[in-house]
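These are my notebook entries on one chain, written in the order in which I looked things up.

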Amino acid sequence: MKAHVLLIVASAVFLMAVRVEAAGFGIGVHSGYGSIIYEEETSALGNEIDSEAVLDTVLFGISAEYSFTEQGTLFTGIVTDWALGLEDSETWETDKVTTQTNELEVFGQFYDLRVGYKDTIGRLYYRIYASGGWDGIHFRRDKFVSGGTPVGGTVTEDFSLWRIGGGAAIGYRFGKWALDGRAAYAYYPDAEVKNSSLPHMKFDTSGTCLDFGLGLARELPGKMSLYLGGTYTGIRLRESDIKRDGLLQAVFPDSSTRLTAGVVNLTYAF
């Protein structure tokens with residue numbers, strides 16, 4: 001429900017920007033390919049338990065930005081990303097001994113609303129911004145093999161992560177080309193994890209997100225520009241408190257999600 005509310009707000013901002021004078025509005029689409037590395041670790045229940053999976057990943061998304069002032073220095077915008085981690089194997093170890101394998105599929109959706117300031121000094125351009133939004137990550141596990149024995153069933157897990165943070169970008173133009181880099185940080189003060197195998201438990205956690213990008217931008221005819229580069233996003237969530245339901249004990253472990261991808265972005269300025 002929270003994600004639906006955010007999407008409605010984001011859509012309203014986008015539509016208002018489209019309706020205002022077009023001189024300060026731009027829209028972009030991007031796609032990419034890379035990998036997600038997902039890891040968990042905990043010893044809260046006694047044994048040391050670790051897991052790891054590496055999934056080929058397809059990335060795509062859209063962005064929109066509107067400049068408030070005639071000089072174009074104050075702006076607001078939205079950046080959305082969807083990442084599909086293609087099915088691959090996940091390995092679990094207990095005290096460094098493999099105890100389970102399964103197939104894992106991941107779908108991540110990321111929504112970031114931004115307000116900031118941008119300017120140009122000669123060939124150098126830069127921007128700084130504050131941001132807030134919501135990230136959701138859905139995990140689907142099946143084809144379990146435990147102790148060498150196949151186990152049926154499917155387990156899903158959902159992360160709901162509200163974020164606050166900020167970022168900066170800087171670029172240097174040389175002719176129609178520009179070298180462009182960015183960095184951003186976000187904190188998740190309100191993070192919730194639900195697992196279908198533990199329907200009566202909800203795990204509360206918190207965490208951080210680091211985002212970096214570097215690439216080359218090229219001016220194209222017709223107020224368009226092309227960007228080719230790489231992106232890295234790292235999400236870390238802290239271990240939750242131990243939850244109890246009768247004799248059952250469970251914990252959400254320390255987790256790490258690392259997305260690395262090559263990206264192509266096409267932007268049109270009205």
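**Entry 1. A charge over a ring**

I found Arg127 over the face of Phe75, at 4.6 Å from the ring centre. The model is a predicted one, and I read each local feature with that in mind. I placed Arg127 in strand β5, which spans residues 124-146. Is Arg127 buried, exposed or in between? With a relative accessible area of 24%, Arg127 is partly exposed.

**Entry 2. Aromatic pairs**

I described each pair of rings by two quantities, the distance of the centres and the angle of the planes. How many aromatic pairs does the structure hold? I noted 10 of them.

I took up Tyr38 and Phe159 first. Their ring centres are 6.5 Å apart and their planes stand at 55°, so I recorded this pair as tilted. The angle falls between the limits of 30 degrees for stacked and 60 for edge-to-face. The pair links distant parts of the chain, since Tyr38 belongs to strand β1 (residues 25-42) and Phe159 to strand β7 (residues 155-174), 121 residues apart. I found both Tyr38 and Phe159 buried.

I then turned to Phe212 and Tyr232. Here the centres lie 6.4 Å apart and the planes meet at 25°, so the pair is stacked. Phe212 is in strand β9 (residues 203-220) and Tyr232 in strand β10 (residues 224-237), so this pair ties together parts that are 20 residues apart in sequence.

Which residues do ring pairs link into a cluster? I listed Tyr38, Phe139, Phe159 and Phe252.

Thr231 counts as buried because its relative accessibility is 10%, below the 20% limit. Its side chain makes a polar contact with the side chain of Arg182, at 2.8 Å.

**Entry 3. The second largest pocket**

I recorded a volume of about 610 Å³ for the second largest pocket. Its lining has 25 residues, and those nearest the pocket centre are Glu40, Trp92, Asn195, Val251 and Pro253. Which strand gives the most to this lining? I found that β1 does, with three residues. The elements that supply at least two residues each are β1, β3 (74-94), β4 (97-121), β5, β7 and β12 (248-250). By class, I noted 12 nonpolar, nine polar and four charged residues in the lining of this pocket.

The structure holds two cavities of 30 Å³ or more. For the largest cavity I noted a volume of about 70 Å³. I listed its lining as Ile36, Val106, Gly108, Phe110, Ile137, Thr233, Ile235, Thr257 and Leu259. Two or more of these lining residues come from each of β4, β10 and β13 (254-269), and β4 has the largest share, with three. What is the make-up of this lining by class? I found six nonpolar residues, three polar ones and no charged ones.

**Entry 4. Positive phi values**

Asp95 is one of them, with a positive phi of about 50°. I placed Asp95 in the loop between β3 and β4. Asp95 is partly exposed, at a relative accessible area of 40%.

Lys223, also not a glycine, has a positive phi near 60°. Where is Lys223 found? I placed Lys223 in the loop between β9 and β10. Lys223 counts as exposed because its relative accessibility is 58%, over the 50% limit.

Terms used:
Residues are numbered from 1 along each chain as its sequence is written. This is a predicted model: local features need pLDDT of at least 70, side-chain atom pairs count only at pLDDT 80 or more; totals for chains, interfaces and linings use all residues. Side-chain values use heavy atoms; hydrogens and water are left out. Rings of Phe, Tyr and Trp (its six-membered ring) pair if their centres lie within 6.5 Å; planes under 30 degrees apart count as stacked, over 60 as edge-to-face and the rest as tilted. Helices (H or I, at least four residues) and strands (E, at least two) are DSSP runs, numbered from the N terminus. Buried means under 20% relative accessible area, exposed over 50%, partly exposed in between (1.4 Å probe, protein chains only). A charge sits over a ring if NZ of Lys or CZ of Arg is within 6 Å of the ring centre and within 35 degrees of the ring normal. On a 1 Å grid over the protein atoms alone, a cavity is a set of points where a 1.4 Å probe fits but cannot get out, and a pocket is an open set with protein on both sides within 12 Å along at least five of seven lines; lining residues have an atom within 4 Å of a point. Grid points are joined across faces, edges and corners, and a volume is the space filled by probe spheres set on the points. Ala, Val, Leu, Ile, Met, Phe, Trp, Tyr, Cys and Pro count as nonpolar, Asp, Glu, Lys and Arg as charged, and the others, Gly among them, as polar. A polar contact is a pair of N or O atoms within 3.5 Å; within protein, one must be able to donate a hydrogen and the other to accept it, and residues adjacent in sequence count only if both atoms are side-chain atoms.
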